[in-house]
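Here's a quick briefing to read alongside the model. Have a look at the structure first, then work through the notes below.

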Amino acid sequence: MKQRIIVYANQKGGVGKTTTVANLSAALALTGRRVLLVDMDPQGNASTHLNVKPAENQKSTYDLLLKECPLKDVVVTAKENLDVVPAGVMLANAEAELVVAKGSDSRLKRGLANATNYHYILIDCPPSLGQLTVNAMTAANEVMVVVEAEGFAYEGTAYLLKVVEETRKYCNPLVKITGLICTKFVSTLKLSKDIHERLTQNFGEVMFKTNIRKNVKLAEAAAAKKDIFEYDENCTGAQDYAALCKEIIEQEGNQ
């Protein structure tokens, strides 16, 4: 089976991107697939969500990118079939340092070159389209966009697509958008339905059928430093991420 390296991106914060990466990683691991989550967000919330936080002497994504440490020295095991490259406080400096670093766009790609024992590598990006996100897109073969069904969620999606196209042109001709995930969906709200309809009209060919419904259990699980399946496997959040995981696996036949 071809290895899938997937970036989860949106320059807007609070859309459920990190929640999606953490819970999808856990869902894929539960199917027996070997998964590596790479936390590229200086906030480190994906790492924390899975109860992984670098100790004082633990290397992190920063070391993988800027010091070019071997992957094996950076990886932390979160649970069976799921490893994490955690984000540490130093990653906040990486954005500026990458600007002047040699081969800056391909640092992550080189760092993951030996990660051949994983079926999936999921990359959580910061809510911006700077050096860290471009690095992630250069290393990946897929981008999945996470959009919330509320507020001004739709705004900026077109710009993100432009960044993906520029990455294809200048850094990685193989990367492509393979999914759009609608989060915080409330079927009884007109706004949710209107945003979903607009997204379907514009991105229907890559939209997943599964919507991630708004569910307080997802926030509670993150606060408890557990994935949703550990926290409450029967809640709607667990049901939705299990269904989304199934859809992603079904894509394997088209890879």
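In the protein, the mean positions of the 30 positive and 30 negative charges sit 2 Å apart. Lys and Arg count as positive and Asp and Glu as negative, with His and the chain ends not counted; each charge is placed at NZ of Lys, CZ of Arg, CG of Asp or CD of Glu. Keep in mind that this is a predicted model, where local features need pLDDT of at least 70 and side-chain atom pairs count only at pLDDT 80 or more, while totals for chains, interfaces and linings use all residues. Residues are numbered from 1 along each chain as its sequence is written, and side-chain values use heavy atoms, with hydrogens and water left out.

**Overall build**

- The protein has eleven helices and eight strands, which are DSSP runs (H or I, at least four residues, for helices; E, at least two, for strands) numbered from the N terminus.
- Its radius of gyration is 17 Å, close to the 18 Å that the globule rule gives for 255 residues, so the protein is as compact as a globular protein of that length. That radius is taken over C-alpha atoms, and the rule is 2.2 Å times the number of residues to the power 0.38.
- The C-alpha trace spans about 50 × 40 × 35 Å along the principal axes.

**Surface and contacts**

- Of the 255 residues, 53% are buried, meaning under 20% relative accessible area with a 1.4 Å probe, protein chains only.
- Among contacts (heavy atoms within 4.5 Å) with a separation of 6 or more, 78% are between residues 24 or more positions apart.

**Covered elements**

- Strand E8 (residues 207–213) has five of its seven residues buried, so E8 is largely enclosed by the rest of the structure.
- E8 pairs with strand E7 (residues 176–185) in the parallel sense over three bridges; pairing takes at least two DSSP bridges between the strands.
- For Cys182, the bridge partner in E8 is Asn211.
- Helix H6 (residues 131–139) is mostly covered too, with eight of its nine residues buried, including Leu132, Val134 and Met137.

**Around Val52**

- Val52 sits in the loop between helix H2 (45–49) and helix H3 (61–66).
- Val52 counts as buried, at 5% relative accessibility.
- Leaving aside residues up to four places away in sequence, Val52 touches Ser47, Val76, Ala78, Val84 and Pro86.
- Val52 and Ala78 are 26 residues apart along the chain, with their C-alpha atoms separated by 6.5 Å.

Note on methods. Buried means under 20% relative accessible area, exposed over 50%, partly exposed in between (1.4 Å probe, protein chains only).
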